[in-house]
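Please open the model in a viewer and keep the sequence panel at hand.

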Amino acid sequence: MSDEFYINRCLDLAALAMGNVSPNPMVGCVIVLDGKIIGEGYHHEYGKAHAEPTAIKAVFDAYGNEAENLLKQATAYVNLEPCAHFGKTPPCADLLVKHRLKKVVIGNRDPFSGVDGKGIEKLKNAGIEVVSGILDDKCRYFNRRFFTRIQKQRPYIILKWAETANGYFATKDGHQKWISGALAKRLAHRWRTEEDAILIGKQTAIMDNPQLTSREWPGKNPIRLVIDKNLQVPLSNHIFNTEAKTIIFNEIKTDVVGDIHYIQMEDMHFYLAQKIAFQLYLMDVQSVIVEGGANILNQFLNTNLWDEARIFTSSTSWSDGVSSPNINGSLQETLQIGNDKLSIYLNNIE
Ligand SMILES: NC(=O)c1ccc[n+]([C@@H]2O[C@H](COP(=O)([O-])OP(=O)(O)OC[C@H]3O[C@@H](n4cnc5c(N)ncnc54)[C@H](OP(=O)(O)O)[C@@H]3O)[C@@H](O)[C@H]2O)c1
């Protein structure tokens, strides 16, 4: 089997922790001897064991006293450079050195300043053969949320909306009218389990009274973020229920009331998207879905502060309404979700 095969296996394992490890990256590790996987593991949850110790433990669990000897002849595959620093757990590079692995094959070098080549250096200094850059682009895309936070000092930003076949986004008078179907809703709930936070504007919070939870898919709820300058969203609205933490960006107060956090900002009408992105970065929020309305979405689009857009287009047309935002990224994929077409764009505008 090729290096690519085992790095792909690392990604498959790592993906099992989608939504559970932020602000860490998703990492899987596979230990191979003579073409056989003798142990594998992944980073399950933020603050818990990393992929490498989990895989090494699996070797010990399977082979007992023999494990120490097997590891000395084995190759460890890992989609991200083993860490070199003490974080919530000890350095993984030290563990690989301790067990004297023969070879380590890596997907991406870790851009985090505490690692950034230092893990590779530790391994090489200990006489371990190191190969890195296997499926580099694929691994980077896989951990795009982590790379964006570290390299751009902001969360990975996903814009999401639904529009009619003739490009309408909302009714003119603001009353709620569903555009996409039941399957699209379920998929959107799955997406919510995968990201740290979800953001809406005041009008959407008032007019649609959304819950912004992942109730139609197993998994965690994202942190709910609402832009409400003058605190006008009624406290009886769903976003104030106890299902999830909610942060209200406003100009009136900073306060914490149970799960409701109020964050006061100055001059919100200037550079709002930039301010929100930086505030979320400071809070270690690694990814956010912006779900509208058009006003808020357009502010992220106009400042080019977005990475991905997921747009459902229904098969129905309306006679009038509010136009949906214009998108000019590169179309990555289109899928049919029930009666709706899903278009996924990536932002390739510098
Ligand atoms: N098709 C879809 O996927 C979809 C998704 C979500 C919502 N919707 C629909 O969209 C409609 C609401 O959209 P919308 O565009 O009218 O409203 P919105 O984006 O939800 O909220 C806009 C409001 O946010 C506040 N705001 C915006 N920029 C701000 C800034 N820089 N600083 C401070 N406050 C700021 C303003 O309120 P103040 O200045 O008055 O405080 C503004 O009126 C609803 O009808 C809803 O059903 C459709």
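Helices and strands are named here from DSSP runs, a helix having at least four residues and a strand at least two, and they are numbered from the N terminus. The model is a predicted one.

Ten residues of domain 1 and 15 residues of domain 2 take part in the contact.

How much area do domain 1 and domain 2 bury between them? The value is about 1000 Å², with 50% of it on carbon and sulfur atoms. The size of an interface is often expressed in this way, as the accessible area lost when the parts come together.

**Across the interface**

Select Arg144 and Glu308 and show their side chains. The two form a salt bridge, with an N to O distance of 3.2 Å. Between domain 1 and domain 2 the count is two salt bridges. Five residue pairs are in polar contact across the interface of domain 1 and domain 2. On the side of domain 1 that touches domain 2, helix H7 (residues 144–152) provides the largest share, four residues. By class, that side of domain 1 has four nonpolar, four polar and two charged residues.

**Helix H7 and its end**

Select H7 next. Is this helix largely enclosed or largely open? Seven of its nine residues are buried, so H7 is largely enclosed by the rest of the structure. The buried residues are Arg144, Arg145, Phe146, Phe147, Thr148, Arg149 and Ile150. Step just past the helix to Gln153, where phi is positive, at about 50°.

**Asn347**

Move to Asn347, in the segment after strand S17 (340–346). Its relative accessible area is 19%, and because buried means under 20%, Asn347 counts as buried. Leaving aside residues up to four places away in sequence, Asn347 touches Asn304, Trp306 and Asp307. Display the backbone of Trp306 as well: its oxygen lies 2.8 Å from a polar atom of the Asn347 side chain. For a distance across the model, pick the C-alpha atoms of Asn347 and Glu45; these residues are 302 residues apart along the chain, and the atoms are separated by 29 Å.

**Salt bridges elsewhere**

The whole structure has 17 salt bridges. Three further examples follow.

- Select Arg9 and Glu40, whose closest N and O atoms are 2.6 Å apart in a salt bridge. Arg9 belongs to helix H1 (residues 3–14) and Glu40 to strand S2 (residues 36–42), so the pair ties together parts that are 31 residues apart in sequence. Arg9 is partly exposed at 29% relative accessible area, and Glu40 is partly exposed at 26%.
- Select Glu45 again, together with Lys48. Their side chains meet in a salt bridge at 3.5 Å, N to O. Glu45 is partly exposed, with a relative accessible area of 39%, and Lys48 is partly exposed, with 45%.
- Select Lys57 and Asp61, which form a salt bridge at 3.0 Å, N to O. Both lie in helix H2 (residues 51–63); because they are four residues apart, about one helical turn separates them. An α-helix has 3.6 residues a turn, so residues three or four places apart point the same way. Asp61 is exposed, with a relative accessible area of 56%.

**Backbone stops**

Most residues other than glycine have a negative phi, and most peptide bonds are trans. The last selections depart from one or the other pattern.

- Ser22 and Pro23 are joined by a cis peptide bond, with omega about 10°. Pro23 is in the loop between H1 and strand S1 (28–33).
- Gly292 and Gly293 are likewise joined by a cis peptide bond, with omega about 5°. Gly293 is in the loop between strand S13 (287–290) and helix H11 (294–302).
- Leu135, not a glycine, has a positive phi of about 50°. Leu135 sits in the loop between strand S5 (129–132) and helix H6 (136–142), and it is partly exposed at 24% relative accessible area.
- Asp267, also not a glycine, has a positive phi of about 40°. The loop that holds Asp267 runs between strand S12 (260–264) and helix H10 (272–282).

Definitions and conventions. Residues numbered from 1 in each chain as written. Predicted model: local features only at pLDDT ≥ 70, side-chain atom pairs only at ≥ 80, totals over all residues. Heavy atoms only, no water. Contact = heavy atoms within 4.5 Å. Buried area = accessible area lost by both parts, 1.4 Å probe. Salt bridge = Lys/Arg side-chain N within 4 Å of Asp/Glu carboxyl O. Polar contact = N/O pair within 3.5 Å; in protein donor to acceptor, adjacent residues only side chain to side chain. Nonpolar A, V, L, I, M, F, W, Y, C, P; charged D, E, K, R; others polar. Buried < 20%, exposed > 50% of the residue type's maximum accessible area, 1.4 Å probe, protein only.
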